[in-house]
Amino acid sequence: MIDIYTEKKDSKDWILKNDLYFNLNTCNEEMSQNEIELIQQVDEAKLTPDKHIETKYGLGTIRNLSSGCKTLLNIVKHPDKVVCVEECGPNVLKIIFEMDNIKVYMSRPTLFEIPDDAEIRFNDTDVVTGNSGYNTWWSREYERREMDDL
Amino acid sequence: MKGEKWMIYKNITFKADPFSYDLVFDDRITLVGGDSGTGKTVLYEILEDLRLTNEYKAIKLFNYKSDEFLEAMKRCRNNFIVIDNADILINDDIRTFINFEFSNQYMLFLRNCDGLNVSDKSFKVLKLDNNRITLEEEL
Amino acid sequence: MKYLWTEDTGAGLHFWQLVNQLFFDNELVIESKESNQGILNALSDLEIKESDKYYIAFDYVVDNQDIRNKYRLLRSLEKKSEGKVIILDIICFEHLILAFDKLVSWTGTRKADKIKIREDVLSAIENHRINLSKINSKKTLQYIAGFKRYSTERVMKSLAGELTENEKWSVRGSLMGECWYKDCCVSDHLYNLRCGKPEVEHGSEKMRMLIWSEEIQKIIKEVIV
């Protein structure tokens, strides 16, 4: 089940500023082979053992990864936290929604590929499946917001 | 001037070896989205130097590290404003400022167009081809 | 068969039914899919016969992320349909009403400020949005800035609603206001008429004048029956 929260909350269990959290916390953790492969897949970056990265844009440190890649690693390393995915491109969202038992925050929909069998729960209440369920939920949410002039 | 397209920079071009940048803008508000890892923050960091040149001194830069972001933004007039991490920085107040302060031009690294006075020409992605980086229309 | 699918359910749906009746001689099958997602779902499941054509009245504005996403999906379905699915070039039903050149004279609205705002907004429309930088009037800009979350669609709906409040001109209900399609006069207070009095009195003639207005004709000329 992927939990999506659509109303922002200020809590230590939420990661809203992914760059900041990654730069101060996640980047200091050990990266598994899976995470090294994710970094290659998303940013086309090779992570060296001493946490430098080699990309088409040049050499840097792990903190030079894209915001989307940092968000993904925050989720993988801290699946107990609610992580804001609003800065993720469709390439990263596709990977995120192939995962299970994670919690994300987004205040509006993005167009990306969702697996047909992805089980998604909005705000601890509405459970939908796949792309169609996701899009239908957002349609109703936008109608609700318009009525409330939100 | 009201009633006409008001652009601080119609294009921004420079070299940052091994790359060259040729960014053309078709609207007062440009949203740069697309996949993660396409070089948006790299561009932002290069602009940190570029804005110190005479030609590009109208550029103002904001990201999640900016202090007093709202206040600083609202002081901008006749500027080319670039906002990285715009998805987590922009609120309704900022959107209103962007929409109604016509003297500024904006390049926002942003995926959510809600509430912004954008046109179909506002939506761009960064494209790298043969070491040349351009803004292409988001399909 | 030729179909026209709309996301509208109320007055917008009624409008298309009237267009079908008075302009297309009931040649089309008008169906409401109740929402933009409803249109997408229906198209995704569709098996199109060789002789079928589907005209899609999908409200498209550029400044709404959900609509923009769905429009892109709709365009991809249109491309795959080999010409059987045609997306009509619509902002929203309320824009069609707002753009009707006789709106103010027929409704008799006396909201001078909203009349001026309407003129400014209509002049600033380009490519499915209101280009705010084309508006010179401070009052119009203040009106638009007053929306908590700006969107082209919200401004259109609000303005159209305000300018059709008179008598039975409203387009907010489950049907178009009776003043649009019924013979004059349907007012509840004939001795204190607030109407602008259209130059024609037959309901079908009034509707035909609306249907023949410029913005509506731009759209329905794409429909070939």
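Domain bounds, as used in these legends, come from an automatic or database domain assignment. The model is predicted, so that local features need pLDDT of at least 70 and side-chain atom pairs count only at pLDDT 80 or more, while totals for chains, interfaces and linings use all residues. Residues are numbered from 1 along each chain as its sequence is written, and chains are lettered from A and ligands numbered from 1 in the order in which they are written.

View 1. The assignment divides chain C into domain 1 (2-92 + 216-220) and domain 2 (93-200), and the centres of domain 1 and domain 2 of chain C, taken over C-alpha atoms, are 24 Å apart. Two residues are in contact if their C-beta atoms, placed from the backbone, lie within 7 Å; by this test, 16 residues of domain 1 of chain C touch 18 residues of domain 2 of chain C. On the side of domain 1 of chain C that touches domain 2 of chain C, helix α1 (residues 11-22) of chain C gives the most, with 5 residues. Helices (H or I, at least four residues) and strands (E, at least two) are DSSP runs, numbered from the N terminus. That side of domain 1 of chain C has 9 nonpolar, 4 polar and 3 charged residues, where Ala, Val, Leu, Ile, Met, Phe, Trp, Tyr, Cys and Pro count as nonpolar, Asp, Glu, Lys and Arg as charged, and the others, Gly among them, as polar.

**View 2. Chain C as a whole.** Chain C has 11 helices and 6 strands. Its radius of gyration is 18 Å, close to the 17 Å that the globule rule gives for 225 residues, so chain C is as compact as a globular protein of that length; the radius is taken over C-alpha atoms, and the rule is 2.2 Å times the number of residues to the power 0.38. Taken along the principal axes, the C-alpha atoms of chain C fill a box of roughly 55 × 40 × 25 Å. Of the 225 residues of chain C, 41% count as buried, a residue being buried if 20 or more other C-beta atoms lie within 10 Å of its own, exposed if 12 or fewer, and partly exposed in between, with C-beta atoms placed from the backbone.

View 3. In helix α7 (residues 138-145) of chain C, the buried residues are C:T140, C:Y143 and C:I144. They cover an arc of only 95° around the axis, which puts them on the same side of α7(C); the arc is that of the directions from the helix axis to the C-beta atoms. On the other side of α7(C), C:K138, C:K139, C:Q142 and C:A145 are exposed. The cover over the buried residues of α7(C) includes α6 (112-124) and α8 (152-163) of chain C.

**View 4. Helix α4 of chain B and its cover.** Helix α4 (residues 92-100) of chain B has B:I94, B:I98 and B:N99 buried. Seen down the axis of α4(B), these buried residues fall within an arc of 135°, so they line one face of the helix. Covering the buried residues of α4(B) are elements including β3 (29-32), α2 (69-74) and β6 (105-108) of chain B.

**View 5. The contact of chain A with chain B.** This contact takes 22 residues from chain A and 14 residues from chain B. On the side of chain A that touches chain B, α1 (18-24), α2 (33-43), α3 (67-77) and α4 (90-96) of chain A each supply at least two residues. By class, that side of chain A has 9 nonpolar, 6 polar and 7 charged residues.

**View 6. Backbone details in loops of chains B and C.** The peptide bond from B:D17 to B:P18 is cis, with omega near 10°, and B:P18 is found in the loop between β1 (11-16) and β2 (19-24) of chain B. In chain C, a cis peptide bond with omega of about 0° joins C:C184 and C:C185, and C:C185 is found in the loop between α9 (178-181) and α10 (203-211) of chain C. B:N131, although not a glycine, has a positive phi of about 65°; this residue lies in the loop between β7 (123-129) and β8 (132-137) of chain B, and B:N131 counts as exposed, with 10 C-beta neighbours inside 10 Å.
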